[in-house]
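Dear colleague,

Please find below the structure that I am handing over to you. My notes on what was found in it follow directly after.

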Amino acid sequence: MNVAIFSTAEEASREVARRIAGAVNRRPDGVLGLATGGTPVKAYQALIGMYRDGKVDFSKIRTFNLDEYIGLPADHPQSFRHFMDQQLFQSINVDPERTFVPDGLASDVAQACSQYEAMIRDAGGIDLQLLGIGHNGHIAFNEPGSAADSRTRQVALTDETIENNARFFESIDQVPRHAITMGIGTILEAREIVLLALGEGKAEAVKKMVHGPITEQHPASLLRRHRNVTAVLDAAAARRLA
Ligand SMILES: O=P(O)(O)OC[C@H]1O[C@](O)(CO)[C@@H](O)[C@@H]1O
């Protein structure tokens with residue numbers, strides 16, 4: 001695992017934007033794997049800035065998001081589809097028809113999950129996958145205990161994740177208890193992985209990811225099995241590293 005440390009969240013986010021733009025420029029009709037949460041917001045803003053400056057063209061790109069809450073319609077303010085539209089897609093020239101987020105309202109979730117896997121495969125696989133990290137080491141919604149070879153599926157969120165994500169909802173009762181997530185096996189098939197972690201609250205999870213045992217109990221540690229993964233950190237998230 002490569003580790004790149006920047007003094008501020010802004011610099012780390014700009015680095016992530018540069019890496020995403022680099023992947024798009026190398027393969028303009030390629031495939032991006034995208035993430036939601038508080039962490040990537042600044043990186044998406046930097047990417048929008050690069051698009052406006054004419055440094056990157058998304059017109060032929062396809063995107064697949066990591067996860068979605070079960071039970072939220074696409075236009076719900078806290079759905080990950082809504083987040084992506086607001087934070088990125090509406091401000092760049094990506095074709096909305098080529099942006100994919102798991103369907104949180106699918107009537108047959110298992111079938112929707114295998115179809116999502118098939119769509120990623122048919123697109124030629126993911127060139128660059130962006131990730132965040134949960135306080136408990138989760139990547140996407142693969143909570144501790146998720147199998148290293150897991151695929152896109154329905155999962156139950158841990159109480160800790162529900163509590164952490166309650167800040168985005170009016171009350172904790174409104175946080176969905178289940179989600180669809182790409183699996184760890186799915187994520188590890190991406191040709192390049194960039195994990196962004198910001199702030200002191202992530203320092204312990206980052207330390208276990210980099211220095212701890214490679215274990216399904218800390219899903220992010222499994223990324224060390226991948227040949228081309230970079231953790232982009234601000235100084236606060238990196239402060240417990242050796
Ligand atoms: O960036 P945040 O809001 O700290 O979230 C961290 C992680 O949690 C998730 O949002 C899922 O809870 C991931 O997609 C994200 O990487």
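**The ligand shell**

Gly37, Gly38, Thr39, Gly132 and Gly134 come nearest to the ligand among the 15 residues around it, where a residue is near a molecule or strand if its C-beta atom, placed from the backbone, lies within 6 Å of it. By class, this shell holds 6 nonpolar, 8 polar and 1 charged residues. In this division Ala, Val, Leu, Ile, Met, Phe, Trp, Tyr, Cys and Pro count as nonpolar, Asp, Glu, Lys and Arg as charged, and the others, Gly among them, as polar.

**Basis of the model**

The model is predicted: local features need pLDDT of at least 70, side-chain atom pairs count only at pLDDT 80 or more, and totals for chains, interfaces and linings use all residues. Residues are numbered from 1 along each chain as its sequence is written.

**Overall form**

The protein has 8 helices and 10 strands; helices (H or I, at least four residues) and strands (E, at least two) are DSSP runs, numbered from the N terminus. Its C-alpha trace spans about 45 × 40 × 35 Å along the principal axes. Of the 242 residues, 43% count as buried. A residue is buried if 20 or more other C-beta atoms lie within 10 Å of its own, exposed if 12 or fewer, and partly exposed in between, with C-beta atoms placed from the backbone.

From the UniProt record, an unreviewed entry, comes the feature "domain: Glucosamine/galactosamine-6-phosphate isomerase" at residues 8-228. UniProt positions are given in the numbering used here, feature names are shortened, and annotations may be inferred rather than shown by experiment. Over residues 8-228 the chain is 33% helix and 14% strand, with the end C-alpha atoms 24 Å apart.

**The parallel sheet**

An open sheet of 7 strands has the order E1-E10-E9-E6-E2-E3-E5, with parallel pairing. Strand E1 (2-6) and strand E5 (99-100) stand at the edges, each with a single partner strand, so one side of each is left without a neighbour in the sheet. Two strands pair if DSSP finds at least two bridges between them. E1 is joined in the parallel sense to strand E10 (residues 229-234) over 5 bridges, and isoleucine 5 has leucine 233 in E10 as its bridge partner.

Further along, strand E2 (residues 31-34) runs parallel to E3, with 4 bridges joining them. Leucine 32 lies in strand E2, and its bridge partner in E3 is threonine 63. Leucine 32 is buried, with 22 other C-beta atoms within 10 Å.

**The antiparallel sheet**

A second open sheet is formed by 3 strands in the order E4-E8-E7, with antiparallel pairing. Strand E4 (67-69) and strand E7 (153-156) stand at its edges; each has a single partner strand, so one side of each is left without a neighbour in the sheet. Neighbouring strands of this sheet are turned by 30° against each other on average, direction ignored. For this angle, axes are lines fitted to C-alpha atoms, for helices over the stretch in contact, and angles run from 0 to 180 degrees between N-to-C directions.

E4 and strand E8 (residues 178-181) run antiparallel and are joined by 3 bridges. Tyrosine 69 stands opposite alanine 179 in E8. On the E7 side, E7 and E8 pair in the antiparallel sense over 4 bridges, and valine 155 also stands opposite alanine 179 in E8.

The unreviewed UniProt entry places the feature "active site" at Asp67, Asn136, His138 and Glu143. Of these, aspartate 67 is in strand E4 and stands opposite threonine 181 in E8. Aspartate 67 is buried, with 22 other C-beta atoms within 10 Å.

Alanine 140 is not a glycine, yet has a positive phi of about 50°. Alanine 140 sits in the loop between strand E6 (128-131) and E7. With 28 other C-beta atoms within 10 Å, alanine 140 is buried.

With kind regards
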